[in-house]
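Dear colleague,

I am handing over the structure below, together with an account of what was found in it. Please look through the sequence and the model first, and then read on.

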Amino acid sequence: MKIVVIGGTGLIGSQVVQLLTAHGHEAVPASPASGVDTLTGAGLADVLVGAAVVVDVSNSPSFADADVLRFFTTSTGNLLAAEESAGVGHHVALSVVGNDRHPGSGYLRAKAAQEELLRNSGVPYSVVRATQFFEFARGIAASSTDDQGNARISPALFQPVASADVAAAVARTAAGEPVKGFLEIAGPEKLHLDEFVRIGLAAAGSDQKVVTDPAAPYFGVVLDDDSLVPAPDATTSTTTYAEWLTVPGNATGGRR
């Protein structure tokens, strides 16, 4: 099949393209760099010619509330309209576990709005909801740094996952039939968010201090132990955080 991967040069998208190509599909990475802009619609009609599936793993360049809502609703709306015109039979979107439980978070609210557009569209769809990636421990620390240079992190439980395992789930979903709903993928173990960041920073050689703060926000919301964990029937991968950290380049950001 011809499968167009929107955001196909990013962390997840590049891995999805490789996996689909290895299984004999014509995987086409699409991004503004290749002349495809989902915000304006430029290039969509041309890249979707002959496409059976569209995979959307793109992300907003700005996480400001208004910007991220505009990105996901506008780009998804343009994609769905172009897909209907091109006769695309399956739209696969990458989303976030817990997005429908936290309307106070601008980012998660935008992902929920994106999912709502898919539910109301005429395009058969599948949503893969993932937990946070192992790769983003340092990014979480950076976004949570206070005036003293410490990272203030919630101790809430979550279930992080390797991006490679998320990419594999997205690729499997793209090659299958539309689920007309969502499925969830998470890592094999629950970790406290503060400890996850502390371990990641240490493995990267950073001496930044992590301060445990139950009131510290995450994507704009204060967490509890149920905020970011997946449903009991979620698919769980096998790659543990400790195993992932032993792979050369992972701890120091070799794959971003």
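**Strand S1 and the sheet around it**

Strand S1, which covers residues 2-6, is mostly covered, with five of its five residues buried. Please keep in mind while reading that this is a predicted model.

The side chains of S1 can be sorted by direction: Lys2, Val4 and Ile6 point one way, Ile3 and Val5 point the other way, and all are buried. In a regular strand the side chains alternate between the two faces of the sheet.

S1 has a pairing partner in strand S2 (residues 26-30), to which it is joined in the parallel sense over five bridges, and within this pairing Val4 stands opposite Val28 of S2. S1 also pairs with strand S3 (residues 53-56), again running parallel, through four bridges, and here Val4 stands opposite Val54 of S3. Together with helix H1 (residues 11-22), the strands S1 and S2 make a β-α-β unit that is right-handed.

These pairings belong to an open sheet of seven strands, whose order is S2-S1-S3-S4-S5-S8-S13 and whose pairing is parallel. Its edge strands are S2 and strand S13 (235-236), each of which pairs on one side only. Elsewhere in the sheet, strand S5 (residues 125-130) runs parallel to strand S8 (residues 182-186), and four bridges join them; in this pair, Val128 stands opposite Leu183 of S8.

**Helices lying across the sheet**

Helix H4 (residues 106-119) lies across S3, strand S4 (90-96) and S5, and it runs at about 160° to S4. Helix H6 (residues 163-175), for its part, lies across S1, S3, S4, S5 and S8, and its direction is at about 155° to S4.

H6 consists of 13 residues and reaches 18 Å from its first C-alpha to its last, which is close to the 18 Å expected at 1.5 Å a residue.

Which residues of H6 are buried? They are Ser163, Asp165, Val166, Ala167, Ala169, Val170, Ala171, Thr173 and Ala174. As for what surrounds them, the buried residues of H6 pack against helix H1 and against the strands S1, S3, S4, S5 and S8.

With kind regards

Terms used
Residues are numbered from 1 along each chain as its sequence is written. This is a predicted model: local features need pLDDT of at least 70, side-chain atom pairs count only at pLDDT 80 or more; totals for chains, interfaces and linings use all residues. Side-chain values use heavy atoms; hydrogens and water are left out. Buried means under 20% relative accessible area, exposed over 50%, partly exposed in between (1.4 Å probe, protein chains only). Helices (H or I, at least four residues) and strands (E, at least two) are DSSP runs, numbered from the N terminus. Two strands pair if DSSP finds at least two bridges between them. A crossover is right-handed if, with the strands pointing away from the viewer, the path from the first strand over the helix to the second runs clockwise. Contact means heavy atoms within 4.5 Å. Axes are lines fitted to C-alpha atoms, for helices over the stretch in contact, and angles run from 0 to 180 degrees between N-to-C directions. The expected span of a helix is 1.5 Å times one less than its number of residues.
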